[in-house]
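User: I'm new to this one and would like a close look at a single part of it. Could you walk me through that part slowly and then show me what surrounds it?

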Amino acid sequence: MKSNVLKKQVTLWAMLITLVSGGVAVAAGNGVDFSKSPEVSGTAEGQVSMPKEQNRIALDYVNQPPMIPHSVEGYQVTAKVNTCLKCHGVQSYRTTGAPRISPTHFVDSAGNVSSTVAPRRYFCQSCHVPQADAPPIIGNMFEPAPGYGQ
């Protein structure tokens, strides 16, 4: 019993911290049209095309979250709105051409599979970050796992 209460409290605090640190956004609730984003453009067929700004960087280890190959400036991820799912969600990825959200994102902390994104996987940029071909700020000796990073 105490374990479930603790999990709920930790989850709520994590969501609150994410909302506060990321800035609570109300754009979607105010009728902002995300299709006007510089990365998104409409096609004649009414489908949405989201061109990548660069090719994907190779993964360096098993289960590494893929990096985001486009700008996420202005994207909203709050408790009520997740702009990432407008292209990557199961209802839209076929029409946008974006990679579909991984099935692992529908499994909650208890191992239950749902038809909605699990709360622990909802805030995309907790794991996925925009990629950049930039030198490391601090040098390191990291080597990709065999067969990765190529």
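Which backbone oxygen does the side chain of Thr 96 reach?

Analyst: The side chain of Thr 96 reaches the backbone oxygen of Cys 87, at 2.9 Å. That is a polar contact, meaning a pair of N or O atoms within 3.5 Å; within protein, one must be able to donate a hydrogen and the other to accept it, and residues adjacent in sequence count only if both atoms are side-chain atoms.

A quick word on what you're looking at. This is a predicted model, where local features need pLDDT of at least 70 and side-chain atom pairs count only at pLDDT 80 or more, while totals for chains, interfaces and linings use all residues. Residues are numbered from 1 along each chain as its sequence is written, and side-chain values use heavy atoms, with hydrogens and water left out.

Back to our pair. Thr 96 sits in helix H3; helices (H or I, at least four residues) and strands (E, at least two) are DSSP runs, numbered from the N terminus. Thr 96 is buried, with a relative accessible area of 10%, and Cys 87 is buried at 10% too. Here buried means under 20% relative accessible area, exposed over 50%, and partly exposed in between (1.4 Å probe, protein chains only).

The whole structure has zero of them. For Cys 87, the closest cysteine sulfur belongs to Cys 84 and is 8.8 Å away, which is too far for a bond. Cys 127 is in no disulfide either, its nearest cysteine sulfur being that of Cys 124, 9.1 Å away. Cys 127 is partly exposed, at 48% relative accessibility.

Now for some aromatic rings. The charged end of Arg 100 sits over the ring of Tyr 93, 5.9 Å from its centre; to count, NZ of Lys or CZ of Arg must be within 6 Å of the ring centre and within 35 degrees of the ring normal. The structure as a whole has one aromatic pair. It is made by Tyr 122 and Phe 123, edge-to-face, at 5.2 Å centre to centre with 85° between the planes. Rings of Phe, Tyr and Trp (its six-membered ring) pair if their centres lie within 6.5 Å; planes under 30 degrees apart count as stacked, over 60 as edge-to-face and the rest as tilted. Tyr 122 is buried at 17%, and so is Phe 123 at 11%.

Further along, Phe 142 lies in the segment after helix H3 (93-96) and is partly exposed, at 47%. Leaving aside neighbours within four places in sequence, Phe 142 is in contact (heavy atoms within 4.5 Å) with Asp 60 and Tyr 61. Asp 60 is 82 residues away along the chain, yet the two C-alpha atoms are separated by 9.4 Å.

Stepping back, the protein has three helices and two strands, in the order α-β-β-α-α. Of its 150 residues, 23% count as buried.

Over residues 36-50 the pLDDT stays under 50.

How values were computed:
A disulfide is a pair of cysteine sulfur atoms within 2.5 Å. pLDDT is the predictor's confidence in each residue, from 0 to 100.
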